[in-house]
Amino acid sequence: MRSPMLRDYRADDAEAIVRVALAAFAQFEQHYSDWPLFTTHVAKMPELAKTGEIIVAEDGGRIVGAVAYVGPQAPKPAFFDPAWPVVRMLVVDPEARGKGIGRQLTEECLRRAERDQAGVIALHTTPIMTVALPMYLRMGFARVGEAPDILGVPYAVYVKRLG
């Protein structure tokens, strides 16, 4: 099995990553109190390219996953330490799951944090994400505090020490 190719986001990827993001989050619809509002936020994923680096996973010319890496000191939600680089919006197409794409994208974020000489990297996630959260824990992320609920869904902040 070949691995998807990772590459940096291009502006013409916007529509494809929105499609993947909406498909990736669709399984959680019943958990959020205002699904239409939530999906408007998910559909803004390409805007993360303004403050961070979006990495896409491409398989056979098709985008099957994406993640945003937001570097140290770049604008980010207030519940993160401004000095921390952050993993944001990891999404994998449901049809491409089980191939390690999420891990591959997360590892690329770790490489970029090391490139930026960061001592830690952070993310926020929720227990309803029953694949992502255990993967992050296996990769060495540890819960360090609460993050604000998102439309009725509890979130927490996780950090991984680097180096």
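Trainee: What gives the most to the lining of the largest pocket?
Mentor: Strand 4 does, with 6 residues. Strands are DSSP E runs of at least two residues, helices H or I runs of at least four. This is a predicted model, with local features needing pLDDT of at least 70 and side-chain atom pairs 80 or more, while totals for chains, interfaces and linings use all residues. Numbering runs from 1 along each chain as its sequence is written, and side-chain values use heavy atoms, without hydrogens or water.

Trainee: How many residues line the largest pocket?
Mentor: The lining has 46 residues. Nearest the centre are Phe 25, Met 89, Leu 90, Val 91 and Met 129. A pocket is an open set of 1 Å grid points fitting a 1.4 Å probe, with protein on both sides within 12 Å along at least five of seven lines; lining atoms lie within 4 Å of a point.

Trainee: Which elements supply at least two lining residues each?
Mentor: Among them are helix 1 (14–25), helix 3 (101–115), strand 4 (86–92) and strand 6 (142–150).

Trainee: Switching to Val 91. What is in contact with Val 91, beyond four places in sequence?
Mentor: Val 20, Ala 21, Ala 24, Phe 25, Met 45, Val 64, Gly 65, Ala 66 and Leu 105. Contact means heavy atoms within 4.5 Å.

Trainee: And which members of the largest nonpolar core touch the most others?
Mentor: Ile 17, Phe 25, Tyr 32, Met 45, Ile 54 and Val 91, out of 33 residues. Core members are buried (under 20% relative accessible area, 1.4 Å probe) and joined through side-chain atoms within 4.5 Å.

Trainee: Where does the largest share of this core come from?
Mentor: Helix 1, with 5 residues. A second, separate core of 25 residues includes Val 67, Ala 118, Leu 123 and Tyr 158.

Conventions. Buried < 20%, exposed > 50% of the residue type's maximum accessible area, 1.4 Å probe, protein only.
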